[in-house]
Amino acid sequence: QDGPQRKKRKSEVGEVDKQLDILAIGTAVGSILLYSTVKGELQSKLDGGHDSRVNCVRWHQDNCCLYSCSDDKHIVEWNTQTCKVKCKWKGDTSSVTCLCISPDGKMLLSAGRTIKLWDLETKEVYRHFTGHATSVSSLMFTTVKPMNESKPFDGITGLYFLSGAIHDRLLSVWYIRSDRKEKNAVMSFTVTDEPTFVDLTVSEVKEEPVKLAVVCRDGQLHLFEHILNGYCKKPLTSNCTIQIATPGNDGDSTPKPVPILAAAFCTDKQSLLLVYGNTLQPIIEKVSLNTSESHICLVRDIQKVLSLKTDAALTKVKTPVVNSDTKVLVPGIPGHSTAVKTPALGKEKKKNKRKPGETEESIEERLGALDIDVSKVKTPGGLPQTDSFAVLLVQGLESNDAEILNKVLNTRKENIVKNTVARMPIHAVIPLLHELTKRLQGNPYSASVMVRWLKSVFTLHASYLSTLPDLIPQLGMLYQLMESRVKTLQKLSRLHGRLFILVTQVAASQTVQDVPEVNQTAKLVYEDDSSEEEGSDDEMIADKDSDENWDEDEEKEEQSDEQDMTVEKEINGDSDLEPENESEEE
């Protein structure tokens with residue numbers, strides 16, 4: 001096994017010499033390469049079985065048969081002579097990450113998160129096991145024969161097998177029963193970190209303990225020794241832990257740990273092969289075990305063994321030879337330049353340590369020495385510019401700093417939002433979208449601000465987003481969120497209209513009630529008297545003078561009327577009038 005990304009499996013020792021040297025390599029595109037280690041060349045290529053990355057490859061005892069599993073949820077049985085698919089079936093609802101063939105070659109263990117035991121003849125599930133919370137990275141049988149030898153052995157019942165998963169510090173041991181009742185692990189081994197490489201000695205006799213070597217991501221090797229005899233409630237700890245470190249001399253007093261990459265038991269089951277150091281140039285060493293000690297630290301000086309010249313060449317910094325007239329732009333503040341001074345030969349390097357009497361230079365003086373105009377650096381009003389906003393945004397996304405992100409994302413100015421999104425690097429677009437999606441689910445006020453950022457991101461980076469192969473899963477949450485918001489928009493609009501009418505009516509009725517009442521009592525009243533009896537004497541006395549004047553005028557009018565009437569009567573022949581009638585008319 002060469003790491004979890006790429007699985008290599010060499011055929012068993014008892015195989016035909018012709019195929020002893022074949023190495024099967026699963027690739028990320030779904031094909032499998034058969035490589036001849038003797039010839040040093042590619043022998044054949046197996047295509048058409050998988051649509052996605054191959055996670056595990058296993059040789060069958062029959063050397064022409066090969067099994068592989070992939071992220072496309074399928075398990076494929078290959079004929080390596082014809083390079084064609086013999087059988088293909090769906091192994092799980094999610095990606096299948098690991099395979100293991102039973103000792104008799106009639107059963108196959110497969111695992112994604114749950115573990116399934118398949119009958120290779122019928123391709124049907126024989127047993128289900130609970131499995132792990134994360135993807136399983138290692139599967140292997142720990143026993144060849146059942147511990148209880150009284151019952152007849154059918155090739156699989158009574159055997160134990162081991163499984164380990166990524167991000168899981170427990171290795172579980174499972175027992176294959178004759179009934180289907182028990183699906184959980186019967187025991188577990190605990191380690192310090194995620195297991196990256198597992199090797200074990202298979203128990204062939206009832207009393208023989210299983211020896212287990214587990215290499216963890218932190219570079220330690222844990223050794224376990226246990227007799228598998230049924231259920232064990234507590235997780236078992238390691239009998240011995242092995243670490244490798246440098247001696248810590250030659251100027252460097254602190255020993256440094258050397259990571260162990262892999263470990264395998266030798267045929268005698270007592271000594272180990274350790275692989276440690278650099279993955280480019282690993283060191284393989286045979287170590288005899290002393291399990292009486294609980295912790296062993298091996299001191300190895302790998303610096304003398306590994307002399308990588310590339311590291312030394314990369315660490316040397318060369319100063320370019322430039323003319324004194326040349327001005328070089330310094331990153332950080334756009335628009336300013338500084339002259340590069342070539343170091344004079346023979347002068348010693350100036351150390352950064354101050355003498356006791358000296359005072360430290362201010363920032364302004366340092367900027368002046370760098371030929372930078374200080375007034376240009378200071379921004380008016382103390383507000384950060386768009387370029388610094390983009391830098392702050394990237395820093396906040398990388399460090400997941402809520403304070404920085406709040407400062408940047410709560411900006412309401414359209415031009416600052418657009419310029420910040422335009423200047424941010426491409427790799428920060430997807431993290432920004434995830435952050436905006438998270439904030440859209442929160443306070444409605446912040447959601448209205450986040451929409452402006454979303455609009456700018458989709459407007460300015462649409463071409464980049466359209467090139468991403470996994471765009472749909474990346475933006476799935478955001479799309480669902482927008483869909484749910486849009487669905488409720490129509491209902492909310494209706495509710496808003498009804499509430500608006502209600503609120504305006506309530507407000508109108510309140511304004512009517514709030515108007516002060518008008519005083520209805522009249523300041524001046526006029527009364528019209530129709531009969532003479534209702535008239536009072538006081539009014540007659542008060543208006544005597546005016547009445548007399550009025551009477552005089554009335555008499556003159558009556559005299560003129562009488563003259564007109566006498567003229568009419570003379571014309572009509574009625575000149576004689578009774579004096580009483582005349583007086584009445586007066």
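**Reading helices, burial and cysteines**

Modeller: In H9, the buried residues are Ser446, Ala447, Val449, Met450, Trp453, Leu454, Ser456 and Val457. Buried means under 20% relative accessible area, exposed over 50%, partly exposed in between (1.4 Å probe, protein chains only). This is a predicted model: local features need pLDDT of at least 70, side-chain atom pairs count only at pLDDT 80 or more, and totals for chains, interfaces and linings use all residues. Residues are numbered from 1 along each chain as its sequence is written, and side-chain values use heavy atoms, without hydrogens and water.

Biologist: How do I read the spacing of such residues?

Modeller: An α-helix has 3.6 residues a turn, so residues three or four places apart point the same way.

Biologist: What should helix H9 span?

Modeller: Helices are DSSP runs (H or I, at least four residues), numbered from the N terminus. The expected span is 1.5 Å times one less than the number of residues. H9 (residues 444–460) has 17 residues and should span 24 Å; its end C-alpha atoms are 25 Å apart, which agrees.

Biologist: Where is the kink in H12 centred?

Modeller: A bend is the angle between axes fitted to the seven residues ending at a residue and the seven starting there. In H12, the kink is about 35 degrees and centres on Leu489. H12 (residues 476–514) still reaches 54 Å from first C-alpha to last, close to the 57 Å expected.

Biologist: Is Leu499 buried or partly exposed?

Modeller: Leu499 lies in H12. Its relative accessibility is 44%, so Leu499 counts as partly exposed.

Biologist: How many disulfides are there?

Modeller: A disulfide needs two cysteine sulfur atoms within 2.5 Å. The structure holds 0. The sulfur of Cys87 is 9.9 Å from the closest cysteine sulfur, in Cys65, too far for a bond.

Terms used: Helices (H or I, at least four residues) and strands (E, at least two) are DSSP runs, numbered from the N terminus.
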